[in-house]
Each structure stands twice: as C-alpha cells, then as structure tokens.
Amino acid sequence: MRSILPVILVLLLVNSVPASDRVADRTPDQAVAGLKVNDALQVQLIASEPMLLSPSNIDVDHLGRVWVCEVVNYRHFANKNNPAREEGDRIVVLEDTNGDGVMDKQTTFYQGRDIDSAHGVCVLGNRVIVSVGDNVINMYDDDGDLKADRKEVMFGGIKGTQHDHGIHSFTFGPDGRLYFNFGNSGNELHTPDGKLVVDIAGNEVIARRQPYQEGMAFRCELDGSRVDTLGWNFRNNWELCVDSFGTIWQSDNDDDGNRGVRINFVMEYGNYGYKDEFTGAGWRTPRTGWEKEIPQRHWHLNDPGVVPNMLQTGAGSPTGILIYEGSLLADPFRNQLIHCDAGPNVVRSYEVSQAGAGYKADINDILTAATDQWFRPSDVCVAPDGSLIVADWYDPGVGGHRQGDIQRGRLFRVAPKDSPYTVPKVDLSTIDGAAVGLLSPNVATRYLAFETLHKAGTNAEAALLKIYQDNPNPRFKARALWLLGQIDGLTSKYVDRATSEQDADLRITGLRLARRMNANVAGVVERLREDESVKVRRECLVALRHLPADVKAPLWADLAAHMPSHDRWYLEALGIAAGSDWDACLTAFFGGDKDLSPELAASVIWRSRGTNSADKIVALIKQLASAKTEGGADHMLLFFRALDFQPKDKVAASVGSLLAQPFLTSLPKDTSPVIVAETLQRLGTSDFSANPDAKAALENALTDLAGTSQAIQLIEQFKLTDRYPELLTLAQDNPNAQIGVEAVRALLRNKQWNLLSTALRSEDLKSATATAQVLGNSLESSIAGIMMGIVKDAGVDLDVRRECVRACGKVAYASRELAKVIEAKQLDPGLLQAAAAAMHGASSRGTREIADRLFPRPPAKEGKPLPPLSALVKQTGDVKNGRLIFNTTGTCHKCHVVNKVGRELGPDLSEIGSKLSRQAMFESILYPSAGISHNYEAYSVVLASGTVVNGLITSRTDDSITVKGDDAIVRTFAMDDVDEVVKQKISLMPADLTKIMTVQEVVDVVDYLQTLKKK
C-alpha cells in the first residue's frame, strides 16, 4: 500500500497560507471586515473585481492612477481547472475620477498572450516597463490615451517563463538608474539581439558560478546599458527597493517549509549563500561546521564569502517591498521598509537599525488577515499623497505554481485615520515644480522630477542647492545631491561637500556619487578610510572592488586594520573589496607596522583566498586545537570549512602537518579524532602515501569514528579493503537508514561481489535479509545480477528471496528481468505476492504496466465517488482522530516532523496551521499535481544503466547530483553515470489518496493539521 506521506509533503509545499478560515462571504463588501489594520492606521477598499483580477504587481503613477499586472493565465498549463483568458493577460490602469478615493474607471493599457503572467510593471512617464516571461519590454504611450502605442524588448533570453522565480519588477533609483532582479530560474540576461549581457565587471550574466549563480540583483542605465550585477546566489528574490542614499533592500524566499524567509541589505557584489559558492551544492549537503538551526544552515551562513542576513522572518511567500520615505505615515513606519508576505497574509514594516557595519530590524505589522485567509498581499506602493496602496491577489493558496481563484482581486488603501486620498498638483515640467516633485514619496513622481532637473543641468543648481542646504531631511538632501553631482563640471565639488557632512548616510551618498560618476574614487576612499562610522568604512571597501590591485591594497590594509571585533558584515566587505587581489591585499595588511590583534588577523585569514591562505589557516587550526578555550572546537571546524575555499593542492600540501603524532597526542582526547577526520578528508592519495604519520592517524580515527559517514568516506577514500567487512556490518545493521545505504554503496562502488553474495547466502537469516534490503535501497543498477541469482536459487531461504524480489522492483534492469521470469511462470509461487508489490512500485513505467496486467489493483477503500470540494470544505473533522490517522494509517510521520517527532523528508509541519487555508489543503490533497512548489518538483534521474531514481534533487554540481527519495534516503550519483534528468509533470504524492483513507479521515487529518500553528 502506498504511503500518503508525499501527499502531505506537496500539500504543504503547494501553498503558503495561514490557518483555518471558513469565511462564507467572499464578496468585496466583506473585504475590509476580514482584515486587521494597525491601530494608528485605517484600511479602505478602493478597487475590486471585476475591475481587476489576480494582481501580481502594481505601480502608482504621479497622478495617483494604479497600474496593475493581471495574471489570470498564470501557469494555465498546470492550472487547467481555471478557464483560460484567450485574449491574454492585461496591464490595466485604474483611476479615481470623482475624488471620492475609490477607483471608478478602468482602462486596458495592453492585453495579449505575450504578457501572460507578467510579474512586474514600472511606470516612468509615458514609458512602462513590463517584466514578463523571458523578456523585459518597454511599452510607450505616445499620445497620452493610456494605450500602448509601441513596444520594444530591453532584455531577453531570461529563463523561468511562466515561473515566479524568473524576472521581476524594475524600480527607479535616486541616482537615475534602474534596479531590478530575477529569481533562481532567471538564469541569464541577454541583449535584444540575443547576446549574453556582459556587465561592467566584464562578466557574462549567466548562472554558471563564474562567479554568478542562482537569483541575481542588477542595476543599469535607463536605456538598459552598463548592467551592474549587484548580488547573486539568492533563491527567489521577488522584488527590491532603493532608498534615497542608494542603499538596496530585498526579500528572498527559502525552500518552502524551512522557515528561512529573509530580508537582505544588498551589500554590493556580495554572494548571498543559497548554494555552495564553488560546487553549487545545496544547503542540505553536509558540510563541516554547519549551523545547528536549519533556517541559518539554509543560507550557508557559516561559509566565508557569504553576506549575512539582516532579518529572517520564518515561513512565508515574500512579495513586494518598498522603502517608505513619506510623511503621511508616522513612526515606526516612516523611513522604514514595508513588505508584503502573501504566505502568512501580512503587510509588515521593518524598523531598521544599525548593527556594526550592517543592519538589524524589528517587525511591526501594518495589515493582516483577521478572518479571511484568502488575503494575499502581492505588492505595495506609495501613492503621491504618502498613503499605501496594497494589491491583494486574493486566492486560497499562494506559491507552488498554484492559482485557485481567477475571478477576484482587490486594492486597498492604508493611511492614518481621517486622511482622504488626494493627489498633490505639481508642475513637473518646470524646475521649481520638479524641485517640489523630487521630494514626493511616490517613485513615479520623483522620476519625472529627476528627468526635468537632470536635463536642466546648471539651470537647476540653485533649486537643488536650496534643498541640499536648507531642508533638514537627510533623505531629501541625498536626492538633491545625486542630481547636483551629475551636473557637468560639478561632480568633484559636491562629492567633496557630501563626504564632509556630519551625517554618515550623506557621506556614503557622496562616495556612491563618486563611483556613479567615476570621479577619483580612490581619493575619496583615502579621505574616508578612517571615518568614525563603520558603515562609511564598509562602503569604502565596496568602492575598492574594481580598482587596480596596486591602488586598492594599501587602502584595503588600512580599512582592514579598523575592522570592529566580530563584525561579519565588515569582514564580508573586506572579501568583496579584495576580489581577485587577495595576495596584494594580504601583503599590505601583514607587511606594515600595524599592531594587529590576534583576533583580527585570524578573522582576515579565515575569509582570505590568498596563495598562502591554506598555510595560515592550518596554523590557526593548530592553535585552536591546542587551546582549551570555550567554543574552541566550533571555531576550529569553521577554519576547516575555510580550507574548502582554497585550492585543493594547496590544502593537501598544508594539512599533512596536522597528523604529526607529537601534535595529536598533545591534544585533548575528544579533539584529536576530529582533527584527523577533517584532515584526512582533505588529503590527497599521494600526500597520504608520502606522510608517515597519516596511516597511524587514519587507524586511530577509524576507531573513534566507527559507524559514521566520515568513517565510510575514509575507508573508501584510502581503499582500506580490510575494513570492507565493517561496512557490510554497518549496512546490515541499518538497512533502511542513510548510514546503511552509504555503507553498501561504498562496497558496490568497489565491486565487493563476493562479500555481498556470501552475505546473502548466510545462514544468519536476519543478516541475509538485511543485506537484501540495503542492496535494494542502494538503487545501484549493479545489484541486478546478484539479486536475480538469489531469486532463482531455491536453496536460499524464501524470506531472503522475497526481500530480493522487493529489491529488484527498485532497479530498472532487475525489475525487467523479474517481469520476464513472472511472465514465463517460472517464479516460485511463494514469491508472487512480493513480486506484485515490487512490480507495482517499480520505477520503470514498462514494468508497472506489466504489473497492472499481471496483478490487477484492488478497488478503492470506500468504493464510492468523492463529494465536491465545496461540500468537503464545509465538513467538520475530528481533530483527535486526525492526529491518529496522521501517525498511523496515513503514515505521514514517516516523512514529516511535528514538534520534533517524525522523519525529515518533507517540511516540518509544526506550524502548518499558520500557513494553509482549509480549501487549499483539500485542493492539494485531491489535485496533487495542480501545483508543485519550486525546489520540490519531482525528478526522474535516469542512470546510464537504465535505473530510474525518483525524488527531490537536493544538490546538483558539475560532477554529481544528489537525490532524496520518498524513503528519505539521500543518494549521490556521478554525472558521468547520468543519462538524463527529467522534471516530472506530476507530484511525488499519489492522486488516489482515498484508496487508503476514507473521505472522513481526510477531513479529520485536515482539521488536525490546522491546529498546528505558530506559537
């Protein structure tokens, strides 16, 4: 009988929605009643269906009109229950023509199949930038009738078409440039003529770890030229925003179910850690010194070269984000980030404060779902009067490529009480009017003001200087500064003035202005290198990134000497600055007469990538191993991890000294085995043979590490044939566990046929049966011959042969051979039932088809059709029985953890009641393939041998692929042995759940799951 575990796995991944809701009235009349707004604010419904449907993204122009991306056709190929909009999706413009604060006019700006599922709209005067599919399209309204008159491609070749991990929206920055991003399906960026974009660093913009991978953030000139890749290695960075000082902020989604959604301060040119920097391995791949908590482990935060997260917000589906620089909203929302998270149905403010060279933030809720869990805030923008406009996708679920409702969509206005919607009248075509418009909280207004003032050049200096000198708001000063510094001949004047300001953010803006204009950046850094503000010094380091090594190194060394204690932000800024010039930077750092503290020197060495860094890291490991300080062992592991970012030949040549017997014997008893194991893993075979201490150290380590993955790796790495029987025993003792599979696969890779055959014919039937089990769980094609030999051997115990039959069903060649024996009626009758189960569960489709003919399936459990979904949602379940079914009949606990009990194949369900609506749960159970979350799609990995391995890909590098099967066992295969990797169109979970559960039991399980809420 098939487990329902994959059902719950995908059930949880398909949607990200909060708890139980049984709202009967989903009409717009009840929209506000279903929400809770912050006490200082009020919420008003300003537009709803049918004026707009399923809004994915919005923008508000200088006249207060709301531009909406509708995504009715979002992934229609996977949501075929929804009717298609044959005319294509739309960009619509909504207006309030009578001044009552409610949108009463709708205009279709553009409609067509070429903008199906657009995920971004940015309004810049008569130009509208639409982010959709594999393109970024400029559309122009030449005659002012709110209709697109022409369009042109600005960027193309982007992957992730009809995928929310693809291209996202653009925004206008205070420096006069465009900022945008794409998620980890975007992959690459092309010019309109199809060529890969080469950015200003000289790198092709493509995800192949040279150096870019996964999601990326960018800026460019208004015409799309001079692309600058600002950050990479995000997962699904939905949207970014830029404050008046030029600081970039962004949200990023985790692999669903890992409570790792994050908010990033995007320190330019940083790696943000979703995948391993060099190998591309996923966060689940074990690594030395990884974090204890999965939300931190998820982002490789223990790796040197990964920029920290400003804030982690738990589970969610993050969407639109902005920086609020208006005055209508008061503290704690003013000058803070405002962000939508459609998963937990919330619009939040993040109150940002400095934390060393970086930032931290506190959360303040603005708008949340009170009773209506279909509230899905997809975007938030600031209107010209400073109020917030929130788009509501309004759907039973979110994420996982699933759209349950295409007939609804809402817009809300959030503002202080008794503040009606108004649009300030400003003449943005004049210098004086544009100077007023530049101070607007609305980005579209600021764009028009910027353009007028920029074109005016020196004629605008007086108006801008008045803002810069007289306005007390440093953000307004910064906006004026960006323009003053771009007037011909005045750049140096205003850079000098800004970098002498009392306000640290203005000094930073001055430095960024110098970079923007390429105006003596080194000279500016020279003046600021000893600045009292650590964040100014951080920006000095970022500014060094692209300077020549001989100019960079002495400035870098001075800045490094001023690093605050334990400041990871600053340390990563040092790494960003050093770039490919580590040798020059380290020589300048260690070569002077600076009084460097041991802690500072060690931190720099840990982060470094110099020619001799491996030697220095090993020296520090020795110090940490010998010291008896608290936390020394953890620090030692971090330095071992740092070795993984150095050239392998350098590491192998350096680590051998750690195996010297006098050194090892001097260490605490529990330290020596760790040193040996970590060292041997990084030692090449030739280096091992040449090191007289290595063999003795290896023998001692294997004794101390017996029964661990490290021991298996060492035995295989050094071909210790006398230890192979130990691996067999480990496999037999743990046939269904990760460690047992690792052990037997090591034996198979080393062709230990005689050892395994003898074990299968052992008189110890328990050991023989366990051997067959673990061989089947290996999924190695090489087991076919040995398995079929046992199946046909009547002299072998029937239970052992039965287990071999089950094993055959898991491997393509063996399952086909088994089918031939069955069809020829040559199989022992005592094995037929085992064969039926094995054949039905085979990975080979052809084998399953034979099984359907030879062994017809039994009828469904209740033998009657399901009631409609609408009726199911209204049924009441028994929570107590649901818990029982979850842990027994449903066997859900075998793949999911609830409050630390269960097995971690799918996501932790301890808080699932705060994520899924009741309807979304039923939809996911009954239509499991309607929507599958990104990174949880099922794959079939077809090996050269013909074996098909089904499961979730947890890691993929150039050399290997790692698959986590529905048995929760992780297996890694060399890419040389892989013929094909095929993404499945259906989910891992079965679509026939009711064959093992009654309808009432399904209802009971759903109600039980909804009690599992965030505490």
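User: How many residues are in the chain, and what percentage of them is buried?

Analyst: Buried residues make up 61% of the 1015 residues in the chain. Keep in mind that this is a predicted model. The chain exposes about 38100 Å². Carbon and sulfur atoms supply 50% of that area.

User: How many helices and strands does the chain hold?

Analyst: The count is 35 helices and 33 strands.

User: How many bridges join strand 7 to strand 8?

Analyst: Five bridges, and the two strands run antiparallel. Strand 8 covers residues 127-132. You can follow the pairing by residue. G120 has S131 of strand 8 as its bridge partner. L124 stands opposite R127 in strand 8. The hairpin of these two strands has two residues between them, and there G125 takes a positive phi near 65°.

User: What does strand 8 pair with on the way to strand 9, and over how many bridges?

Analyst: Strand 8 and strand 9 (residues 135-140) pair in the antiparallel sense over six bridges. V132 stands opposite N135 in strand 9. These strands also form a hairpin with two residues between them. In that turn, G133 has a positive phi of about 55°.

User: Which way do the side chains of strand 8 point?

Analyst: In a regular strand the side chains alternate between the two faces of the sheet. Here R127, I129 and S131 point one way from strand 8. V128, V130 and V132 point the other way. All of these are buried. Strand 8 is thus listed as mostly covered, with six of its six residues buried.

User: Where else can I see a covered strand in a hairpin?

Analyst: Strand 3 pairs with strand 4 (residues 66-70) in the antiparallel sense, over five bridges. P55 has E70 in strand 4 as its bridge partner. This hairpin has five residues between the strands, and G64 takes a positive phi near 80°.

User: Now the rings. How many aromatic pairs does the structure hold?

Analyst: A pair of aromatic rings is described by the distance of the centres and the angle of the planes. The structure holds 22 aromatic pairs. One of them is F278 with F645, a tilted pair at 5.7 Å centre to centre, with 50° between the planes.

User: Where do F278 and F645 lie in the chain?

Analyst: F278 lies in the loop between strand 18 (270-271) and helix 2 (294-297). F645 lies in the loop between helix 16 (632-643) and helix 17 (648-655). The pair therefore ties together parts that are 367 residues apart in sequence. F278 is partly exposed, with a relative accessible area of 44%. F645 is buried, at 4%.

User: Why is the pair of W556 and W582 edge-to-face?

Analyst: The planes of W556 and W582 stand at 80°, with the ring centres 5.5 Å apart, so the pair is edge-to-face. W556 lies in helix 11 (residues 549-561) and W582 in helix 13 (residues 582-591), so the pair ties together parts that are 26 residues apart in sequence. Both W556 and W582 are buried.

User: Which residues form an aromatic cluster?

Analyst: F155, F170, F180, F182 and F218 form one aromatic cluster.

User: Which charged residues sit over the rings of W299 and Y394?

Analyst: The charged end of R262 sits over the ring of W299, 3.5 Å from its centre. R410 lies over the face of Y394, at 4.0 Å from the ring centre.

User: Last one. Is E268 buried or exposed?

Analyst: E268 counts as buried, at 4% relative accessibility. E268 is found in the loop between strand 17 (261-265) and strand 18. Leaving aside neighbours within four places in sequence, the contacts of E268 include R219, R512 and R515.

Terms used. Residues are numbered from 1 along each chain as its sequence is written. This is a predicted model: local features need pLDDT of at least 70, side-chain atom pairs count only at pLDDT 80 or more; totals for chains, interfaces and linings use all residues. Side-chain values use heavy atoms; hydrogens and water are left out. Two strands pair if DSSP finds at least two bridges between them. Helices (H or I, at least four residues) and strands (E, at least two) are DSSP runs, numbered from the N terminus. Rings of Phe, Tyr and Trp (its six-membered ring) pair if their centres lie within 6.5 Å; planes under 30 degrees apart count as stacked, over 60 as edge-to-face and the rest as tilted. Buried means under 20% relative accessible area, exposed over 50%, partly exposed in between (1.4 Å probe, protein chains only). A charge sits over a ring if NZ of Lys or CZ of Arg is within 6 Å of the ring centre and within 35 degrees of the ring normal. Accessible areas come from the Shrake-Rupley method with a 1.4 Å probe; for residues, only the protein chains shown count as cover. Contact means heavy atoms within 4.5 Å.
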